[in-house]
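Please read them with the structure open.

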Amino acid sequence: MAATIRDVATAAGVSQSTVSRALSMPDLVNPATRARVLAAARRLGYQPNRAARGLITGRTGNLGLIVPDLSNPFFSSVVKGVQAAARAADYSLFIADTDEEATAEVELLLALTRQVDGIVLCSPRTPDAELARVGVESAVVLMNRRIEGRPSVTVDNADGMRQAVEHLAALGHERIAYVAGPRTSWSNGQREQGLHRSAEDTGTDLVHLGHFPPRFEGGVAAADLALASGATAVIAYNDVVALGLLSRLGARGVSVPDQISVLGCDDISMSAMTHPALTTVSIPKREAGRAGVALLLSLLADTGAAAEGAPAPHRELHAQLIVRATTGVAPHPDRRTAGGHSTKGTTR
């Protein structure tokens, strides 16, 4: 027969209520007692009844994760981090994909809120004002987005772009194109700010090619514009877009990096598998997922009211340039052609 809570209590030498607290509200139990209870539960193979525990604690034992596009390997890696952290804390995970639709985010947020104890909302596209107004019953942590009053986990995208521009400038590139992501992407906005600031600092011409879908097709569509701009290097909003650029450039017989350098962002696993391997700004995807859950669990464990006027908890992670084979010394200036929109020294 399956072990019961009474069996665990007897084996650990504590009451059944102590076992219940040790498994559902561990912070309320002495660490030594909790360790004894957990050891007894493992030894007996005890599996707590989630439904019963929910009646006692008012918790579902579930967490939610909402992402823009599961087909993008960046978000798949985030899911891995969130799932691992949720499992370690004995939570189940519900995952929802908005397919880059901002309207779907709010609908999913409201739909999930009564089924989960907390939600990680990753890279939301909903405008700040609307997102700030959304009232939900569950705790919510934003990832790749900052809004006043909302707990969040972000990456220093601006510094990642600084590293990218300084790397290209050191290779002699004086005109760099940027293939931007969605207008509604907070991360894209941060990257643009970092690019413009770094262009000023290095005296580099920055050519903004426009906003493109954050998919392979977006890179394919942007490649011809990048060549026409006269830039000797192009930075893509993400690695998937960069892969599209490499595909189109290859189809046109353009040598990378001999004729033009390409640099991505995210460091998805495929970026190291291309030929040539993609230079990229690495984003700590799984770490971000784990950090989101850690912040969520800390909110759930905090039974006291936050001090009035206290800032919402926030954690910022670092980006790191990974130099591979798609960036090289700038070609001779004579090969460049006029075109594109130069923003040398501007911060528009």
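1. Arg-324 is partly exposed because its relative accessible area is 24%, and partly exposed covers the range between buried (under 20% relative accessible area) and exposed (over 50%), with a 1.4 Å probe and protein chains only. Arg-324 forms a salt bridge with Asp-267, the closest N and O atoms being 3.0 Å apart. A salt bridge here is a side-chain nitrogen of Lys or Arg within 4 Å of a carboxyl oxygen of Asp or Glu. The pair links distant parts of the chain, 57 residues apart: Arg-324 is in the segment after β12 (320-322) and Asp-267 is in the loop between β9 (261-266) and β10 (279-282). Asp-267 has a relative accessible area of 18% and is therefore buried.

2. On the source: this is a predicted model, in which local features need pLDDT of at least 70 and side-chain atom pairs count only at pLDDT 80 or more, while totals for chains, interfaces and linings use all residues. Residues are numbered from 1 along each chain as its sequence is written, and side-chain values use heavy atoms, with hydrogens and water left out.

3. The protein has 12 helices and 12 strands. These are DSSP runs numbered from the N terminus, with helices being H or I of at least four residues and strands being E of at least two. Of its 348 residues, 52% count as buried. Among contacts with a separation of 6 or more, 72% are between residues 24 or more positions apart; a contact means heavy atoms within 4.5 Å.

4. The structure holds 12 salt bridges. One of them is between Asp-69 and Arg-215, with the closest N and O atoms 3.6 Å apart. Asp-69 is in the loop between β1 (62-67) and α5, and Arg-215 is in the loop between β7 (205-211) and α10 (216-228), so the pair, 146 residues apart, links distant parts of the chain. Asp-69 counts as buried because its relative accessibility is 6%, whereas Arg-215, at 28%, is partly exposed.

5. Asp-205 is in strand β7 and Arg-175 in strand β6 (residues 175-180), 30 residues apart. Asp-205 is buried at 17% relative accessible area, and Arg-175 is buried at 12% relative accessibility.

6. Helix α6 (residues 102-112) has as its buried residues Ala-104, Glu-105, Val-106, Leu-109 and Leu-112. Their cover includes β1, β2 (92-97), β3 (118-122), α7 (128-133) and β4 (139-143).

7. Is Ser-198 buried or exposed? Ser-198 counts as buried because its relative accessibility is 4%. Ser-198 lies in helix α9 (residues 186-202). Leaving aside residues up to four places away in sequence, Ser-198 touches Met-161, Arg-162 and Val-165.

8. Lys-80, Arg-87, Arg-286 and Arg-290 form a positive surface patch. Patches are made of residues with over 30% relative accessible area and no salt bridge, with like charges joined within 9 Å and nonpolar side chains (Val, Leu, Ile, Met, Phe, Trp, Tyr) within 5 Å. Lys and Arg count as positive, Asp and Glu as negative, and His and the chain ends are not counted. Helices α5 (73-88) and α12 (285-301) each supply at least two residues of the patch. Arg-290, in helix α12, counts as partly exposed because its relative accessibility is 42%.

Note on methods:
Areas by Shrake-Rupley, 256 points an atom, 1.4 Å probe, with all protein chains shown as cover. Charge placed at Lys NZ, Arg CZ, Asp CG, Glu CD.
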